[in-house]
Amino acid sequence: MVSWNLSSRHIAVVGAGAAGTLTAVQLMRQAERLGRALEVWLIDPAEQAGPGTAYGTSDPRHLLNVAAGRMSAFPDDPGHFLRWLAAERPSCAPGDFVSRQEYGRYLTDVLRDTTARCERARLHRVRDRVVSVRRQGSGLALRLADGSELRTAAAVLALGNFAPGQDWAGADLRRSDRYVADPWAPGALDAVPEDGDLLLVGTGLTMADVAITLARPDRVVHAVSRHGLLPGEHLAAAAPAAEPPGLDGSRGLDALRRDVRRHLAASRRAHGDWRPGMDGLRPVTAALWQQLSPVDRTRFLREDLRTWEVHRHRMAPGTAARVRELRAAGRLRTGAGRLVGAVPGDEAVSVELSDGSRLRVAAVVNCTGVQSDLGRTADPLVRCLLDGGHARTGPAGLGFDTGSDGRVVPAAATSAAPLWTIGVLRRGNLLESTALPEIRTQAAEVAAGILATLAERRTSRPADRYGLSLSTTREAAGLYDRALERILAGRFGAEALLTEAVGADPDFAVGHAALALLGHECEAPVNTASSLAAARRAAAHRADDRERSLVAAVTARLTGSEESGKAALLGHIAAHPRDALMVSVAVPTVSFNGVTSGKEAWALVEGLSGTYGTDWWYLGQLAFVRQEQERWEEAEDLAVRALADHPTAGHAVHARTHVFYETGEHRAGLAWLDEWMRRHGAGSPHRSHFSWHAALHELMLDDRPALHRRYHRELTASRVSRGRVLVDSASLLWRARMTGSWSGELPLPDLLDTAPERWLTAPPTAFTALHGALALAASGDLDGLGRLEAHALTHGHADFLPIAPLCDALSAVVRQHWRQAALRLRPVLPAIARVGGSKAQHEVLEETLLHALVAGGEHDRAAELLAARLDRRPSPLDRRRLGSVAGPRETPAPVPAGGVAHAR
């Protein structure tokens, strides 16, 4: 075996089509500008570098699908291709659509010219195929098909389009000489008989070119696909792109669909055509795709992809004209349908379509388009990368998962290899990643990223616990990483460590941004505005793409609208899924408010399983999702595994606490939680919330003395921080009053004096409004409830919709209008989930309804509700109450002084 042992100046580009050729060109040009010696190894079995599959056609009638004026090889020199064309075609205009064959020659010339001009950067051409890759120190060892091995500092995977899928074709057809599996394979169409009709399966751009090549005067070419849709047509004189309004994929696919349709309708009104509107979507497509949830991305591929493609990827005017001629003459017949049967014979193939029609054709040609599902490809290099953990499949199962710089994201628990990719393999992250305008930009960015990475390798930049590089000193990076661990675990001390980190390095952008987040989200004693300003200054001075994206997302979250903050945050996570800090901010937990909720939050967490694997923080996040889904055993298992690795993992503690409560394991849950708080509670900023959980167990156990002791020992105003006095302490008092578990005055004045005043008058979120309303009801403040109701009615956010009727219902409770209270509470209960928070927190309203039913004499309804609760979760409290309402009926005792009977 031959082995080339190369230095850190050597980079391999695997694939010599358009993407690989332009990447090699950019590497050489940029290294030359930097004055750096570089050896580029361009590896592909093809005889010629440049054309590849896309531009290697021998038929001059196959035209580019983009006008010549937009086909320069260089994003910073848009006229380059036109100048090259002028030597042979002086009359060529920017709007002309030239042959793909001609463009292939252009790419070959660009590579040849760049190689000749560069003095410090050199090109080596290897005509072979890479079949596997392995780590070799800080670099890579690439095994070639001939058994030799090439060692490089980094590699770019420019593998181009994989052959189309063949699942639709039966085994007999696939074995037949009258079946063309890949029309772009060299010489594939030469085997098609000259006589006889043909069937093309697929009606996209490939079909159009193949039909033009294979058309004969006495032949009918049939073309079918599931939808039967043909690509749209470019206009000979295209209008400028129409910039879309502010589109936001984070609002969901249905909303985005409506907004895009409105945008295209506006384009038709303004320009007389939808195409300018469609072209205007090109710069924002990747961002919109990344903002969609995993579920919505899958829906888009299933429901909208074909419609998108026929509008987005259009035929050249000359191609469309030829297709129209063939169809008008009856020589090309297209329609919707599937191949349901094919019997190859010596003279022809007898086929049956899904509409029942039968055809006898000389050949069947696979025009279904490229295979994007890497799980279905047998390519040995792709299989090696996936099986070895060097790569993982991208979002929605498309291509490889990559960072925003094109670097390949490895499987969980695997460090990133110096591997980048370009083109179709980035579809999962970008959706649109096959056209030359996108590829030339990617080539320039990937080349810059590789050269920067190799330069940084000499100084070995520090990284956080998830391998993300930090543009700072080792001292500051170490402090930041300790702070990150405390944030993820939900422990005290993160802000002090971050303050120390930015003190050690005032230009540490991520450190300043994290401090600003803690000030904004967690009420940490931080000057949020000052920290954010420092983060932005530092990012402009010294930061990589990921760090700049983080600072931009934090800025949008703290200073922009709710929608823009969410879009920026989710877009950052899509590009940098290992940024655990930002994932934490996006998911609603005991630590952060989050920008997602319900199924959207579940999808976000579940979609990161491949990124984090068995990481303790991630297992805790997933455990909480599973308990929200009422998958109790899975949640328990995940939480226990997380706590085995990290005993103070706050999300795992929180998830397990909920599991104990929701499954009615009150004694075991109370014992476990008390022991955890005894050992670790002092270091948790969420201790009051865990005390609230312990008090709920005591409430359900009907242990009033223990409940009172817990409150006075752990939940008074002096022991609980700001908002928690309402969320934990005041809500517990109200619940205790509603269950008859508290006698005498409720100790509310200190709580109300300590609570954030805004939460009682103009709360910023529906969740805070819920708890403000409970505190006002507990204090008998009818005027306060009225003001809060008015605030909710004028608030524009949909999450506030249940708050006004809730205030109305609680006012009826305060007035002891029990039947009215019960009537108004019932419709609120199913709607309250939208305000955020857990089922255990929402249950306080069910307790209020039970109290109103019993106090109003509606014992049968109360008994039904209690029986349902006992079926869901047993408790001594509910058993006692059910016995009370099911036995001899008594008039309920009046509410004690200081409670809701004393309205003010």
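In what order do the three strands of the open sheet lie, and is their pairing parallel or antiparallel? In this predicted model, the order is β13-β14-β15 and the pairing is antiparallel. The edges of the sheet are formed by β13 (339–344) and β15 (358–361), each of which pairs on one side only. With direction ignored, neighbouring strands are turned against each other by 20 degrees on average. Five bridges join β13 to strand β14 (residues 349–353) in the antiparallel sense, and V343 stands opposite S350 in β14.

Aromatic contacts were examined next. A pair of aromatic rings is described by the distance of the centres and the angle of the planes. The structure holds 17 aromatic pairs. One of them joins F300 and W308, whose ring centres are 6.4 Å apart and whose planes stand at 70 degrees, so the pair is edge-to-face. Both F300 and W308 are buried. Y480 and F508 likewise form an edge-to-face pair, with 5.6 Å from centre to centre and 75 degrees between the planes. Because Y480 belongs to helix α15 (residues 474–489) and F508 to the loop between α16 (494–504) and α17 (509–521), this pair ties together parts that are 28 residues apart in sequence. Both Y480 and F508 are buried. Elsewhere, ring pairs link Y55, F81, W84, Y103 and Y106 into a cluster.

Arginine side chains also meet aromatic rings. R29 lies over the face of F74, 3.9 Å from the ring centre. The charged end of R297 is placed over the ring of W289, at 5.7 Å from its centre.

Note on methods:
Residues are numbered from 1 along each chain as its sequence is written. This is a predicted model: local features need pLDDT of at least 70, side-chain atom pairs count only at pLDDT 80 or more; totals for chains, interfaces and linings use all residues. Side-chain values use heavy atoms; hydrogens and water are left out. Rings of Phe, Tyr and Trp (its six-membered ring) pair if their centres lie within 6.5 Å; planes under 30 degrees apart count as stacked, over 60 as edge-to-face and the rest as tilted. Buried means under 20% relative accessible area, exposed over 50%, partly exposed in between (1.4 Å probe, protein chains only). Helices (H or I, at least four residues) and strands (E, at least two) are DSSP runs, numbered from the N terminus. A charge sits over a ring if NZ of Lys or CZ of Arg is within 6 Å of the ring centre and within 35 degrees of the ring normal. Two strands pair if DSSP finds at least two bridges between them. Axes are lines fitted to C-alpha atoms, for helices over the stretch in contact, and angles run from 0 to 180 degrees between N-to-C directions.
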